[in-house]
Amino acid sequence: MSTGPGADSAPAPNSHDDAVRSAALHEPGPATSREPGAKGGTFSSLRIRNYRLFATGQVVSNTGTWMQRIAQDWLVLSLTGSSAAVGITTALQFLPMLFLGLYGGVIADRYPKRRLLVLTQAAMGLTGLALAVLTLSGHVQVWHVYLTAFVLGLVTVVDNPARQAFVVEMVGPADLRNAVSLNSANFQSARLVGPAVAGVLITAVGSGWAFLLNGLSFVAPVAGLLLMRTAELHKTDRAPRGKGQLREGLRYVAGRPDLIWPIVLVGFIGTFGFNFPIWLTAFVNDVYHAGAGTYGLLNTLMAGGSLVGALLAARRGSSRLRFLVGAALLFGLLEITAALAPSFWVFAALLVPIGMFGLTINVTANSSIQLGTDPAMRGRVMSLFMMVFMGGTPLGAPLVGWVTDAYGARVGFLAGGAVATLAAVGVGLVLARVGDLRLKVDLRRGHTHVAFVPRQPASEAAPAEGLAAA
């Protein structure tokens, strides 16, 4: 499972470390028509040809991916009748990220990312086709789904950090935030269509056709990658082969509080707060006694909220941790409220803001981490981010599935929301003691840099706050 540049406050004097981070963001590449930090509109990244090709391919394959997700969850539930089995499927898909995610980051830093993505996208298409053959032939068993999910997870270990880090090579630092937001909008737009189509296909002809269409959909991103003009990519230095590169990446993050706290927060939320396949299948099956069409509808409503969140993030110019914490707190409280919803339509309506704030968490954390990371370290840092965000699922999904089976869908959903709320409060209290993250723009030099600003006593902070307000 990502925004628009702009100054969020008046520039502060650069420290030496800030200057280093600022320079790291000025990677060699094609000249852009605007400086980092200048607002370029909600869809500014789409003026770049390579990014248009990437986005077009992704919207096709993302639609297929969402079709497969819905069909896969419903197939497992049909074969087993167990929410825990759905959780196991989800866990197996993300298990490789937990144990191998950092190695994927090393690979992404070491090899050309475009070439890696051609290979990983083709492999993902093959997993969809394999599951289609098994399902359409009538031979599918639940262990086939488990195995396919695990293989897909292995491919994702390399695909995720390479894809995340490749964005800045396509658009450059000036449009990175906008492009990450548009990637999320792209994904959520597909989420509006994919579940609805999957619901119709499952009801009419079965899950196998959804898997087949997903496998074929990966032709689009592979073609887009091959058609890119490599001369227009923003070149970045690749990490040479060497020992200790994993430890180097971990030491780098350990010394950067502006990277640690977004990763900690999304780790808790990704592990316990994003188990929607488990909760929504349980609500549809056990609480509302409906079918696959209703499951697709609920996913579509959540996707609508996520799309709104992504488009708003594309216009926003700040990456403050306080904003991230606030979004996480509201996300957790909304999950708790939805778990206690008295009727189907109240529950369904609450999924829209849940999707919006969930997407806001992802975009804000993703963009602040990428903008604050040295280019040569970006693959490893993003692999760590994705490892805790997605890799925690193998730990959380079976536990959440067990709680949901044992105590009901409402208790399971409420527990996930409670963990997200407590994580937001905990990180917020820590930040209140140590400082605040701000994405700033040095207007004098045209440099974007991320700075971790320690809290000052009220008497010292007053002049700075007055300047920021101006």
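Reader: Happy to dig in! Where is R256 found?

Author: R256 sits in the loop between α9 (245-254) and α10 (257-272); helices here are DSSP runs of H or I with at least four residues, numbered from the N terminus. A word on the source: this is a predicted model, in which local features need pLDDT of at least 70 and side-chain atom pairs count only at pLDDT 80 or more, while totals for chains, interfaces and linings use all residues. Residues are numbered from 1 along each chain as its sequence is written, and side-chain values use heavy atoms, with hydrogens and water left out.

Reader: Why does R256 count as buried?

Author: Buried means under 20% relative accessible area, exposed means over 50%, and partly exposed is in between (1.4 Å probe, protein chains only). R256 has 6% relative accessibility, so R256 counts as buried.

Reader: And what makes H289 exposed?

Author: The relative accessible area of H289 is 63%, so this residue is exposed. H289 belongs to the loop between α11 (276-287) and α12, and its phi is near 50°, a positive value in a residue other than glycine.

Reader: Why is the pair K113 and E169 called a salt bridge?

Author: The term asks for a side-chain nitrogen of Lys or Arg within 4 Å of a carboxyl oxygen of Asp or Glu. In K113 and E169 the closest N and O atoms are 3.3 Å apart, and they form a salt bridge. K113 lies in helix α4 and E169 in helix α5, so the pair ties together parts that are 56 residues apart in sequence. K113 counts as buried at 7% relative accessibility, and E169 counts as buried at 10%.

Reader: How many salt bridges does the structure hold?

Author: There are three. Among them, D159 and R163 meet through their side chains at 2.8 Å, N to O. These two are four residues apart in helix α5, so about one helical turn separates them. D159 counts as buried because its relative accessibility is 0%, whereas R163, at 22%, counts as partly exposed.

Reader: What about R229 and E232, which also meet in a salt bridge?

Author: Their N to O distance is 3.2 Å. R229 has a relative accessible area of 43%, so R229 is partly exposed; E232, at 31% relative accessibility, counts as partly exposed too.

Reader: Last one: what makes S306 buried?

Author: S306 has 3% relative accessibility, so S306 counts as buried. This residue lies in helix α12 (residues 292-315), and a polar atom of its side chain is 3.0 Å from the backbone oxygen of G355.

Note on methods: A polar contact is a pair of N or O atoms within 3.5 Å; within protein, one must be able to donate a hydrogen and the other to accept it, and residues adjacent in sequence count only if both atoms are side-chain atoms.
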